[in-house]
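Open the model in your viewer and follow the stops below. Each one says what to select and what is there.

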Amino acid sequence: MLERLLILSVVLFCIGLYGVLSRRHIIAILMSIELMFNAVNVALVAFSRYVTPADLGAPGGLAENARYVLTGQGLAVFVIVAAAAEVALGLALVIALMRRTDTLDITAVNLMRR
Amino acid sequence: MGLSARDLLLVSPELALVVLAIVIVLLDLVLDRKGFVLAVGIAGLAVPLAAALGLWAIVADGGPEMAFHGALVVDAFALFFKLLIVGILGLLLLSSADYIERFSPHQAEFVALVLLSAAGLMLLAGAADLIAVFVSLELASLPVVALVAFSKSERSIEAGIKYLLLSGLSSAVLLYGFAFLYGATGTVRLVALDPALPTIATMLPAAGGALPFGGFAVLLGVVLATAGFGFKLSMVPFQMWTPDVYEGAPTPVAAFLATASKAAAFAIVLRLFYTALGGASADWSIMFAVLAAVTMTVGNVVAIAQSNVKRLLGYSAIAQAGYMLIGVAAVASDGGSLLGAESVLFYLGGYAAMNLAAFFAVIAITNATGDDRIEALAGVGRRTPLIALVLAFALISLTGIPPTVGFMGKLFLFNAAVSADLAWLAVVGVLNSVVSAYYYMGIVRTMYMREPAEPRRIGAPVTAWVAMGVATAGVAVLGVWPAWLLDIARTAAGSLVP
């Protein structure tokens with residue numbers, strides 16, 4: 001089962017990476033980066049469920065060992081928060097850019113390469 | 001599982017910075033004179049400085065301390081970077097007193113964002129598990145995105161968007177690497193990764209133990225994490241953003257990126273590879289050796305063709321990152337000597353001094369001329385002899401000519417490379433220094449040999465003079481008397497490996 005989840009995660013990650021590299025619209029690129037973050041989350045939660053050193057049958061059981069089991073899910077929660085912050089900042093910049101140039105095409109945003 | 005007073009004491013430098021940032025934003029609401037917040041910011045830095053020095057005393061006596069159930073570590077290595085970052089912050093705020101006038105009435109937000117980012121960088125230097133690494137990295141880079149776009153000019157916003165997109169991409173790649181490291185070992189603690197690595201064979205039997213790093217999952221994790229960190233280090237092939245962002249960002253922000261941000265990125269790379277992956281050093285040493293050679297060559301060669309001084313400093317930052325990667329690669333094959341790590345720490349200290357001196361001089365000059373092309377520096381030697389001298393001295397140090405810290409730093413780096421059987425890397429480094437002399441000295445020639453376009457003299461406020469004076473003194477003192485910083489760097493690097 002872990003394999004299937006990891007395949008899903010890799011496929012998601014690659015779609016996201018392809019999107020970042022090929023899309024020209026800034027918001028589409030931001031969405032692609034979100035996709036990559038979500039691929040990470042799928043992998044983290046899958047690993048958290050299937051690969052864990054804690055023996056749940058050990059003394060103390062789930063209650064005692066929960067912090068090992070939940071490490072990956074904990075990181076996934078942080079990822080979700082950080083991704084949201086990043087998008088908020090991205091949209092603010094998009095609005096600022098829109099006010100000045102009327103375009104969101106990343107290939108048109110190249111003042112410094114001219 | 002609670003929050004104890006001891007935990008708070010151990011993160012007191014970062015806590016002080018965050019509180020200072022909040023105080024500044026609140027003060028801004030009630031104060032009429034907006035310039036005052038900067039003075040509060042600079043004076044307030046005494047608190048994190050004192051806290052970090054106090055922790056240094058505690059750690060020197062009792063050894064490393066763990067905070068928040070092992071998520072953060074407070075050891076000499078982390079404190080070295082915390083002190084370095086506070087020092088950089090102080091000089092940077094001093095020097096930019098004039099510059100941030102143009103952001104009026106938003107100076108307070110600028111100062112607060114710089115402080116928040118610095119708090120993230122300081123946490124990063126002490127991060128002891130992958131979650132802490134990720135969270136502090138985001139805390140460090142998100143404020144910088146806003147700072148890069150702070151001028152609100154088209155150029156500045158373009159730089160901000162480029163930085164945001166590439167930093168998001170690199171975070172995602174880095175995290176995917178972390179996910180595989182976690183999946184392969186079942187732990188996110190850096191100290192626990194190393195002993196946990198042999199168990200990979202049980203997870204992926206097909207991988208066996210013969211492959212580098214011992215298994216596909218760890219190999220993938222390490223490669224992805226290196227790519228993610230490569231962005232922060234402006235390491236080739238992840239350096240594309242550096243010149244654009246340096247050119248578009250407000251100059252003090254570029255200086256912050258080049259010194260504080262880079263120092264913290266090297267801190268976490270050293271910690272990750274020495275502490276968590278120390279057992280596989282033979283595998284990653286050669287990877288970093290090749291990356292170092294490519295990075296400094298690309299940085300130096302492309303810098304030759306630049307006509308904008310901020311863009312040139314961007315390529316210079318790439319090349320300098322290449323030199324420092326030599327130290328990361330120069331891990332002794334027996335694993336006993338930390339010569340490479342301590343030379344990186346020494347170089348980061350010296351690099352902060354010389355790069356800040358260069359940036360401060362550029363800030364002072366471009367603030368007066370409003371033109372950041374290299375041509376505009378023509379005759380600056382006559383228009384402002386002292387600032388030109390500061391810039392020339394900093395550039396001599398960046399080239400690596402004695403009696404400056406740049407020379408000493410490179411000497412230690414190349415020495416570490418030779419003693420780690422990477423003599424060819426030292427040769428590449430020396431050849432690169434020769435190439436870099438062309439463009440660094442080109443600026444000096446433009447300043448002194450060409451006629452000024454206009455005779456008007458260039459002045460600078462007292463605060464900028466103080467900042468330039470301290471940075472230049474650092475370059476000179478460390479150049480003739482490097483032993484004391486080297487001792488500190490040795491102590492700091494010593495706490496990397498238990």
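## Stop 1: the fold of chain B

Select chain B: it has 22 helices and two strands (DSSP runs, H or I of at least four residues for helices, E of at least two for strands). Its radius of gyration is 22 Å, close to the 23 Å that the globule rule gives for 498 residues, so chain B is as compact as a globular protein of that length (C-alpha atoms; the rule is 2.2 Å times the number of residues to the power 0.38).

This is a predicted model: local features need pLDDT of at least 70, side-chain atom pairs count only at pLDDT 80 or more, and totals for chains, interfaces and linings use all residues. Residues are numbered from 1 along each chain as its sequence is written, chains are lettered from A and ligands numbered from 1 in the order written, and side-chain values use heavy atoms, without hydrogens and water.

Show the C-alpha atoms of chain B. They fill a box of roughly 75 × 55 × 45 Å along the principal axes.

## Stop 2: burial

Colour chain B by accessibility. Of its 498 residues, 64% count as buried (under 20% relative accessible area, 1.4 Å probe, protein chains only).

## Stop 3

Select A:Leu93, A:Leu111 and A:Met112: they supply 19% of the area that chain A buries against chain B, more than any other three residues.

Technical notes: Buried means under 20% relative accessible area, exposed over 50%, partly exposed in between (1.4 Å probe, protein chains only). Buried area is the accessible area (1.4 Å probe) that two parts lose on being put together, summed over both.
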